[in-house]
Amino acid sequence: MRTADLLPLAVAIPLLGAAVLAVAGRWLPRRGRDALATLWAAADVVCLCALWARTGSDGRAVSWLGDWTPTGGHSVGIVLVADRIGSGLALLVTVLVLAVLCYSWRYFDEPSGEHGGMFPALLLLFEAGMCGFALTGDLFDAFVFFELMGAVAYALTGYRIEDPRPLQGALAFGLVNSAAAYLSLVGIGLLYARTGELGLAQIGAALDERAAAGHGRDALVVIAFVLVLAGPLVKAAAAPFHFWLPDAHAVAPSPVCMLLSGVMVELGLYGVARIHRVVFAGAGGLPDAVVRDTLLAVGVVTALVGAAMCWEQRHLKRMLAFSTVGHVGLFLIGAALLDPAGLSGAAVYVAGHAGAKAALFGLTGVLLDRYGSVDEHGLHGRARELRLPGVLFVLGALALAGLPPYGTGLGKAVAEEAAGRELGWLPVVFVLVSALTGGAVLRAGLRVFGGFGLPPIERPEVAATTGEGEGPEIRPAEGRVPKPMVVVPALLLAGCLSVGVLPGVGRALASAAAAFTDRAGYLADVLGHPGPPPAPAPEAWWTASGVGLGLLSALLAVAFATAAVRRDPRRGTGGLYRRAVLPLRRLHSGLLGDYVAWLAVGLAAMLVTLMAQL
Amino acid sequence: MSVFPYLVAGWILLAGLYGLVTSRNLVQAVGCLAVAQSSTYVLLLAVGYRSGATAPVYSDLPTDAPVVDPVVQALALTDIVVGATVTALLLSLVIQLRKRHGTVDPEELTGLRG
C-alpha cells in the first residue's frame, strides 16, 4: 500500500464505522456495540500511526483523490496533504477518541433498540470530521470538514436533551460556530474569485504569481484573510470569539468535553496556522510582521481573559473550559511567532495539554457520576472517599500549571523561550496564566477531594453558573467507581508525562514544526515540482530557565490555591476585584445575541487593525 | 460584470447577522443563520457568472460554447447540503428546548453566565 493511500483511509475508516454502528447498533447488545466501536477506533489509530511513521520528519504525503494529479502545476482535483503536524494532530484525535470510547464503556445508560449505538457512532463521525480537517489541503474541503465536525459536536453537546442547559449550550455553540463558518465561506468565495483556485497551495501560488506580475496585495486579500480565519478563530475560542466555549463545555457530557477541549479547539488553531502559512505568508499575502503583531495581541488577551475567568468559576467543567481558553491563548502566542521554535513549543504544549485536560474532564465525570454535582462549593469535602481520583486530579492540576517534567511544562518552556526572544515580557504571561489556571483547578481539587478550608459563603450579588442540579449522566452509582473511568484518566496523565520525558517526542515535533513553516516545500510537494532543502529543526528540550520557570509557575499555583483555601470566607472582596473582574464576568452574559455581536465587532476590529498597519 | 450582486450578497449577510444579534426567538435566530448563509449562494454564483454564457451541461452544446463556471455551482450545492443539515439539527434542538423548557426566547435562558 502506498503512503498516500493512508490519507483517505484515515477519514474513511471512522465514517464507515459510524454507518455500521448506526445500523448494527439496533441489534447488538451494549457490550457488542462498545467492542465494535473500540475496535473501529483502534483501527484508525493503527492507520494514523502508519501514516506518522511513513511520512518522515521533513516529508509530506500528498494524495490526489481519484488520481486527478496536477498537470503543469494545475489540477481540478481535490488534495489531501499530511505533514507531521497534520498527521500528528490526526493521531492525537484518534488516540483521544479511543480513550473516550473506553472511558464511556460504563458511562451513559444508553438507549437500546432503534437508537442503540448512536453515541459511539456520533463519536466516530466526529473523529472523521476532525481527521479530515487535519489532513485536507483544500480550502473548501476544510470548510466542509469544519462543518461536519461542528454539526456532530453540536449534537453531542446537546446529547442529554432532557435537561434545558445542554440544549442552550449546544444552540449557542451551533449558531456562533456556523455563522463564523459561513463568514469563512464568503472569504473562500472571494479568494476563488481572485485566483480561480480552491486548494491551499494553489491559492498561495496564484497570489504569489499575481504579486510577481505587479498586482500587489489589495483590500480584497486582507478582507478575505479576516473572513477566512473567522471560522478557525471561533473554533479556537480566541477572545472575543470564545464565549460559546464555556457554555458548551459546561453542559456537554464529560466524555465529549474530553474531545472538545482536548483536541477540537486546538484544531481551530491548527486551521489558523495552516491557512495563514500556506495561503497568506507569501509575497501576495500579508507581511509576517503585521500578522505576528495582530495574532500575538489576540493570544495575550485570550490567555489573560481565560485565566481570570477560570479563577472565578465554581462550576468545575466551566472552570476547566476557561482554563482551555487560557491555554489556547498561550498556544496562539506560540504559533503567532511564525517561527519553527514557537510553533514546536505550541505543538508540544498541545500534545501535553490534551492528555492533562482530558484526564481532568474524565475525573470530573467521576464526580458527576457519584454526586450528581460539579459544584466546587457544594461538593466541599464530599469526595474524600475517592483517594485515587483525588490524587490524579491534583496531579492534573499541577500538569496544567506547567510542572516539569510534564509535557505541558516542556511545551510551555519551549514556547516561552521563543516568545521571550520576540518580546521580553511574554514569559510573564505564560507563568501567570499557567499558575492561575493550575491554581484554580488545584483549589477545587483540595476543597472537593481533601475538604481543606471552610466552605465558601454564597454571594448572590454575582451572577454565577453553579454546578448544582446536574443530572448524573449514568445509571445510579453501584458502590464503586467503574474502573475505566479512573484507568483512562490515569493513562492520559501518563501520556502527558511521556511527552515531557521521552526526548523523541519533542525532537519529532520540533522537526515537524520546521517542516510546517517551510511554505516553499509545501507548495512544491503539492504542485509536484522540486522544492528547496528543508529548514533545520529547532531544539525542543528542557533548558535550565525552562525548568526554573515551570517550577515557578507550579509553586505560584500551589500558593494561589492554598491562599484561596485558607482565606476567611467572611472577608469581602477588594475594590480592584469589583472594578476589573466583575465587569469581565458580566460580559459572559449567556445571551446568544451578545456572542454574535462580539463576533462581528472582533472581526471588524481585526480588519481595521490589519488595514492600519499596511 | 457589475458590482451589484456582490453588494446584494454583503447586504444579505449583514441582514442575517443583524437578525442573529437582535432576535428574541430561537426559531427566528436559526432562520437568520440560514439568511446569512444564503448570501454565500449569491456570492458564489456571482463569482462564476459570465454574461452571454449558458449552463455548463455539454450534452446538447458544442464543446466550445461559453458556459458559466461549474465549480461554483458544485460549491453552492455542497453549501446547501451543509446548511440544510445544520439548520435541521439546530431547529430540532429548539423544538426540544420548547418541549422541555417551554420557551424559545434566548433572553429567558439564564442558566449559563458569569
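Helix 5 of chain A meets helix 3 of chain B through Phe140(A), Val144(A), Glu147(A), Ala151(A), Tyr154(A) and Ala155(A) on one side and Leu75(B), Thr78(B), Val82(B), Thr85(B), Val86(B) and Leu89(B) on the other. Contact here means that two C-beta atoms, placed from the backbone, lie within 7 Å. Helices are DSSP runs of H or I with at least four residues, strands are runs of E with at least two, and both are numbered from the N terminus. This is a predicted model, in which local features need pLDDT of at least 70 and side-chain atom pairs count only at pLDDT 80 or more, while totals for chains, interfaces and linings use all residues. Residues are numbered from 1 along each chain as its sequence is written, and chains are lettered from A and ligands numbered from 1 in the order in which they are written.

The axes of this pair come within 10 Å and cross at roughly 10 degrees; axes are lines fitted to C-alpha atoms, for helices over the stretch in contact, and angles run from 0 to 180 degrees between N-to-C directions. That makes helix 5 of chain A roughly parallel to helix 3 of chain B (under 35 degrees is roughly parallel, over 145 roughly antiparallel, 65 to 115 roughly perpendicular, and the rest oblique). By class, the pair brings together nine nonpolar, two polar and one charged residues. Ala, Val, Leu, Ile, Met, Phe, Trp, Tyr, Cys and Pro count as nonpolar, Asp, Glu, Lys and Arg as charged, and the others, Gly among them, as polar.

Taken whole, the contact draws 42 residues from chain A and 38 residues from chain B. On the chain A side, the elements giving two or more residues are helix 5 (139–157), helix 6 (164–195), helix 9 (244–251) and helix 22 (592–613). Helix 6 of chain A gives the most, with 17 residues. That side divides into 26 nonpolar, eleven polar and five charged residues.

What about chain A as a whole? Its secondary structure comes to 22 helices and two strands. For 614 residues, a compact globule would have a radius of gyration near 25 Å, and the 23 Å of chain A agrees; the radius is taken over C-alpha atoms, and the globule rule is 2.2 Å times the number of residues to the power 0.38. Buried residues make up 62% of chain A, where buried means 20 or more other C-beta atoms within 10 Å of a residue's own, exposed 12 or fewer, and partly exposed in between, with C-beta atoms placed from the backbone.

Helix 13 (residues 340–371) of chain A is mostly covered, with 31 of its 32 residues buried. Its end-to-end C-alpha reach is 46 Å, close to the 46 Å expected at 1.5 Å a residue; the expected span is 1.5 Å times one less than the number of residues. Just after helix 13, Gly372(A) takes a positive phi of about 60 degrees.

Helix 2 (residues 30–54) and helix 4 (residues 118–135) of chain A pack at about 10 degrees, with axes 10 Å apart. Arg33(A), Asp34(A), Ala37(A), Trp40(A), Ala41(A) and Asp44(A) of helix 2 touch Pro120(A), Leu124(A) and Glu127(A) of helix 4. Trp27(A) sits in the loop between helix 1 (6–24) and helix 2 of chain A. With 12 C-beta neighbours inside 10 Å, Trp27(A) counts as exposed.
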